[in-house]
Amino acid sequence: MITGYSVETIRRAEDALPELLESGELMGRAARGLARLTSGRMRDRGFRRVTGLVGPGNNGADTLYAIARLARRGFDATAVCVDPESSPTVSAAAERARSRGARVLTGDGAEALTAIARAEVVLDGITGIGGRPGLPPFARPWVDAIPDRTWVIAVDTPSGQPVDGGPVVADAVFADETVTFGAPKAVHLMPSTEPTCGILTVLDIGLDLEDATPIVVRLTPDDVPALWPVPSAEDDKYSRGVLGLIAGGARYTGAAVLASTAAVTAGTGMVRYVGPQAPTDLVRQAVPEAVPGEGRVQAWCIGSGLDPEATGEGAAEQLAAARAALASDLPVVLDAGGLDLLDGPRGAPTLLTPHAGECARALTRLRGRTTALTRAEVEADPLEHARLLARLTGATVLLKGAVTHVVDAEGPVHVHDDAPAWLATAGSGDVLAGLVGTLLAAGLDPTRAASLGVLVHGRAAEHANPGGPVRALAVAHAIGPTVAALLR
């Protein structure tokens, strides 16, 4: 599990070490680590010339101290400063750099710009974690002078990018590599800005974040063995979790097959399927393990392929079962048509799995807007709209897309963008609903069920046909082998 922290949290962790902060030891640790990594990169590539871009803050001082160390190690080291006397800390660092043989230049004159253009490596110390989105005016000529061939190492964060997360900023640094101190920040892990950081190295400088709450979480395959509900010898089909599935109808009969197939291959103890005759017949044939009809369950999965406006045979009975399940005190996954049945918060754990269009429709309805929110508006700021839907409903929201966001009303966002683009295919959402419903029935909380399910869903798509097109049913069948591989 990779966790990213807010600027406020990092500041508090630094302030909890006053002796190290006031003595300059924290800065010394950062500068030593930065110099060591930069030196290694330069020796590996046969580089000799390095230029540091130095802003007025502590990141500028970190960069200057690193430049001093690189000069002492024999590299051709230069620092370009907005003002080498901007603070006592920067002034002391500039003096150290000069004493070790580095050139310290001021401003954006010809000599400074030439030093940037000649550099084989540039250290970006323009702004730090306190910086605002966008480059300060003094730094724009510096960044414009960096050749495309130059290896850019961002110090802590790429200057000008939103440190606590947000859309990527064009008027900012795009680094080949980032060296951050203490722990990752949101900018390093959010899919919108992660590419601007390049390779990420986290240097341990002694911050204690054990009890801190992250703002971004990314599960990795290594997390699966600890999180997946593996049965013991004492388990039976009921204790492993029975999933009630209300999905499919006369129009979208296949959704019932996809969701139920995903559930049984994910390892649910039993699937109880509730639906009209046509999808029931398909489920009987394709998923003989599924049991038609209502009965005792540990969680419900409602809505894949469900049309609340349907009037055909069995539609009214299915809709009544869906409303009764929603009114129960059991955990519920609401997907697709099931989202239209939710009018507000419910008292039991609830997971919503909309795509951008469904999220827009739900927000329009729940907020009573006369002007409909559009899919494009949700896609422009998916995290904000997912968070809003979570606040309005009290539910966990799994907003599907090329980047999937899992959020509650408060707390960290779980992000995933590692699924293959081939997964953007009809029916893949039905498979995901059955998968996360299985995890909910096994006792996982909605956030963990959603995040773990998304990870396995993406891996199963790759497992089904590595590097090529994949159909939703193949993803459903690949879930079991994928989980087994991850558990190994």
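On a 1 Å grid over the protein atoms alone, a cavity is a set of points where a 1.4 Å probe fits but cannot get out, while a pocket is an open set with protein on both sides within 12 Å along at least five of seven lines; lining residues have an atom within 4 Å of a point. The model is predicted, so local features need pLDDT of at least 70 and side-chain atom pairs count only at pLDDT 80 or more, whereas totals for chains, interfaces and linings use all residues. Residues are numbered from 1 along each chain as its sequence is written, and side-chain values use heavy atoms, with hydrogens and water left out.

**Stop 1**

Rolling a probe the size of a water molecule over the atoms shows where empty space is left. The structure holds two cavities of 30 Å³ or more; a volume is the space filled by probe spheres set on the points, and grid points are joined across faces, edges and corners.

Select Leu339, Leu342, Leu352, Ala362, Arg365, Leu366, Leu389 and Thr393, which line the second largest cavity. About 40 Å³ of space lies within this cavity. Helix 13 and helix 15 (382–393) each supply at least two residues of its lining, and helix 13 provides the largest share, three residues. Helices here are DSSP runs (H or I, at least four residues), as are strands (E, at least two), and both are numbered from the N terminus. By class, this lining has six nonpolar, one polar and one charged residues. Ala, Val, Leu, Ile, Met, Phe, Trp, Tyr, Cys and Pro count as nonpolar, Asp, Glu, Lys and Arg as charged, and the others, Gly among them, as polar.

Next, select Arg49, Val50, Thr51, Asp76, Thr78, Arg103, Ala115, Arg118 and Ala119, the lining of the largest cavity. The volume of the largest cavity is about 40 Å³. Strand 2 (49–54), strand 3 (76–81) and helix 6 (110–118) each contribute at least two residues to this lining, with strand 2 giving the most, three residues. Its lining comprises three nonpolar, two polar and four charged residues.

**Stop 1: the second largest pocket**

Move to the second largest pocket, whose volume is about 710 Å³. Of the 36 residues that line this pocket, the closest to its centre are Leu26, Met27, Asn58, Asn59 and Asp62. Display helix 1 (7–15), helix 2 (18–23), helix 3 (25–45), helix 4 (58–72) and helix 5 (88–99), the elements that give two or more residues to the lining of the second largest pocket. That lining divides into 14 nonpolar, 11 polar and 11 charged residues.

**Stop 3**

Two packed helices are described by the angle between their axes and the distance between the axes. Which angle do the axes of helix 3 and helix 4 make where they cross? They cross at roughly 50° and come within 8 Å; axes are lines fitted to C-alpha atoms, for helices over the stretch in contact, and angles run from 0 to 180 degrees between N-to-C directions. Helix 3 and helix 4 are therefore oblique to each other. Angles under 35 degrees count as roughly parallel, over 145 as roughly antiparallel, 65 to 115 as roughly perpendicular and the rest as oblique. The contact (heavy atoms within 4.5 Å) includes Met27, Ala30 and Ala31 of helix 3 and Asn58, Ala61 and Asp62 of helix 4. By class, it has nine nonpolar, four polar and three charged residues.

Among the residues in contact are Asn58, Ala61 and Tyr65 of helix 4 and Thr89, Val90 and Arg96 of helix 5. This contact has nine nonpolar, two polar and one charged residues.

**Stop 2: the largest pocket**

Turn to the largest pocket, with a volume of about 980 Å³. His355, Lys400, Thr425, Ser428 and Gly429 are the closest to its centre of the 40 residues in its lining. Helix 10 (253–266), helix 13 (356–367), helix 16 (428–441) and helix 17 (446–464) are the elements that give two or more residues to this lining. Its residues divide into 15 nonpolar, 15 polar and 10 charged.
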